[in-house]
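Let's take a walk through this one together. Have the sequence and the 3D view side by side before we start.

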Amino acid sequence: VESRLKDDIKAAMKAGQKEELAVLRTVMADAKNAAISEGLDRTGFSDDLMIKVLRKAIKSRTESAGLYAEAGRKDLADRENFQIEVIKRYMPAEASEAEIELVVDTVMVELDVHDKSAMGKIIKEALARLAGRADGKTVQRIVASRLG
């Protein structure tokens, strides 16, 4: 993900795509900050770190776009939505609902847990296996439905 992002930064600079370039640079800076806060090198980021940074960036921009839309600032909401679309290009393909259910079921069988006290354990393991291809809310909803 990191190398693709760096290549796209160079391409955006050459093409004069200022808005896209700003988004990509911000994401790269966020990745460096995340790496520093986790005590890692400032280069050679793992895909897990990059996906975590991308998810956080999408989440914050989604919240901002909603607030701008509520306030009647369509121009600012549109800018946030543009940034979300640029960032989404670097996310892995989302897992389908059926794939997530399969992973959750597998985790429940392997951990041999079927009560709500182990909900966090199931969610954590399922998210690890899905490796950024599903958001926590969806996994939580599916686990909760399985546990009754």
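Which are the buried residues of H7? Keep in mind that this is a predicted model. The buried set is Thr138, Val139, Ile142, Val143 and Leu147. An α-helix has 3.6 residues a turn, so residues three or four places apart point the same way. Look down the axis of H7 and you'll find its buried residues within an arc of 160°, so they line one face of the helix.

What does that face sit against? The buried residues of H7 pack against helix H5 (97-111) and helix H6 (119-130). H7 itself covers residues 136-147, which makes 12 residues. From first C-alpha to last, H7 reaches 16 Å, close to the 16 Å expected at 1.5 Å a residue. Just after H7 comes Gly148, with a positive phi of about 80°.

Now zoom out to the whole chain. You'll see 7 helices and 0 strands. The C-alpha atoms fill a box of roughly 55 × 40 × 25 Å along the principal axes. Of the 148 residues in the chain, 35% are buried. Take the contacts with a separation of 6 or more: 56% of them join residues 24 or more positions apart.

The chain's accessible surface comes to about 9,000 Å², and carbon and sulfur atoms account for 52% of that.

Notes
Residues are numbered from 1 along each chain as its sequence is written. This is a predicted model: local features need pLDDT of at least 70, side-chain atom pairs count only at pLDDT 80 or more; totals for chains, interfaces and linings use all residues. Side-chain values use heavy atoms; hydrogens and water are left out. Helices (H or I, at least four residues) and strands (E, at least two) are DSSP runs, numbered from the N terminus. Buried means under 20% relative accessible area, exposed over 50%, partly exposed in between (1.4 Å probe, protein chains only). Contact means heavy atoms within 4.5 Å. Accessible areas come from the Shrake-Rupley method with a 1.4 Å probe; for residues, only the protein chains shown count as cover. The expected span of a helix is 1.5 Å times one less than its number of residues. The arc is that of the directions from the helix axis to the C-beta atoms.
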